Amino acid sequence: MNMPLSGIRILDLSRYLPGPLCTQLLADFGAEVIKLEDPKGGELGRHLPPFIGSESSPFLSVNRNKKSITLDLKTPEGKKIFKELAQESDVVLDQFRPGVMDKMGVGYETLKEINPKLIYCSLTGYGLDGPLKNTAGHDLNYLNLAGITGLNGKHHDAPSLSAIPIADTAGGSLFSAIAILLAIISRLNTGKGQLCDVAMMDGSIALLAYTLGEWSGCGQLPERGNELLTGGYACYRIYETSDSQYVSLGAIEGKFWAEFCEKLERKQYIPLQLDKASQESISEDISTIILTKTRDEWVAFFADSNICFTPVLNLEEMSEHPQVLARNMVLNAPNINGSGIDLRVPGVPIKLSDTPGKAELCFPQLGEHTDPLLLKMGYTQEEINNFRNQGII
């Protein structure tokens, strides 16, 4: 089957989560992704615990469907091989800090002279310009400066960390994939590649579209844990149940809120849905009611209601949920590498009717594809052996 990205070759120099998740998504839709790894230990993500046998399970979760070659870009021979690969590739994904690839003589300005059609995606924390461009950072730092961390948490409590790395994944991985696809489409029209400058902080700010709009409309800064979508209103919040579990109500629309109130015999709350002054007392009363049943009893109680009511699930419960099973969104690689442990990874989140993605649960060993790729490029086995003896590959 011809997949959407069949024939697209990506040289992936990224590490940990942001870049690898981006290229995994593209690999699921047919791109040939070649991981370029350091001969001395490989990509840093390979060393992240926990381990299944000798392999990092976080690394495996974002590196399916890829090839791996080892290459020391600090050596003249390594640079030469990389340039030859870039000449025959469509995309380079670089996750180093700005200027690192340029200092090694293999940055965008050099590579575009070799291959004018090359798309070079630079994925960094803060972008290729600005006062923070060379500053180190992680997901938490990008979310802090983007104004997101300050919005997380309960009212009057300290800010809370996000349970998932939003800046890395949504701000970095997804916007990088979009940038690469946009550049591919542009190349169809112009015949030229281009530089894609993707910053995880920028991507995080872009996710604040509604929040910035609300701030503009209200004329005052939003309060942590006290707005419509952050727990400040009874119609949209999480409630504890009698078994110390939790349920969530997302009844923003008036019709959902009305049905919920009627079901609880609290019709007097219907006209007060968005009355700020009434929220504390309404929430306290509803909290008391919800504490009278278990989570699953409340799910059964509202099963026939149209109110946006769901249980709060843990990962095991999520992976067994009928909707998740129907959409094939948690995949299982049994007995991974003979370890006796099953590896669970996300399925393909984009469903295309004619050219669907495919998650091949095969994971590259460090340098597994070095020899075949170099042989295909015209190097002899003797030359390859010499490269290995010299630490170039």
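**Close-up views of a predicted model**

View 1. Leu212 sits in helix α9, which covers residues 209–218. The relative accessible area of Leu212 is 38%, and this residue is partly exposed.

**View 2. Lys35 and Glu43 form a salt bridge through their side chains.** The N to O distance in this pair is 3.0 Å. Are the two partners buried or exposed? Lys35 is buried, with a relative accessible area of 0%. Glu43 is buried too, with a value of 6%. The cut-off for a buried residue is under 20% relative accessible area, so Lys35 at 0% falls within it. In general, side chains of opposite charge can pair when their charged atoms come close.

**View 3. A salt bridge joins the side chains of Arg187 and Asp90.** The distance from N to O is 2.9 Å. This pair links distant parts of the chain, since its residues are 97 residues apart. Arg187 belongs to helix α7 (residues 166–190). Asp90 lies in the loop between α3 (76–87) and β6 (91–94). Arg187 has 15% relative accessibility and counts as buried. Asp90 is also buried, and its relative accessible area is 14%.

**View 4. Lys112 and Glu109 are paired in a salt bridge.** The closest N and O atoms of the pair are 3.2 Å apart. How far apart are Lys112 and Glu109 in helix α5? They are 3 residues apart in this helix, which spans residues 108–114, so about one helical turn separates them. Lys112 counts as partly exposed, at 28% relative accessibility. Glu109, at 47% relative accessibility, counts as partly exposed as well.

**View 5. Arg9, Glu32 and Lys67 belong to one network of salt bridges.** The three residues are joined by salt bridges that share partners. How many salt bridges does the structure hold? The total is 14.

Technical notes
Residues numbered from 1 in each chain as written. Predicted model: local features only at pLDDT ≥ 70, side-chain atom pairs only at ≥ 80, totals over all residues. Heavy atoms only, no water. Salt bridge = Lys/Arg side-chain N within 4 Å of Asp/Glu carboxyl O. Buried < 20%, exposed > 50% of the residue type's maximum accessible area, 1.4 Å probe, protein only. Helix = DSSP H or I, 4+ residues; strand = E, 2+ residues; numbered from the N terminus.
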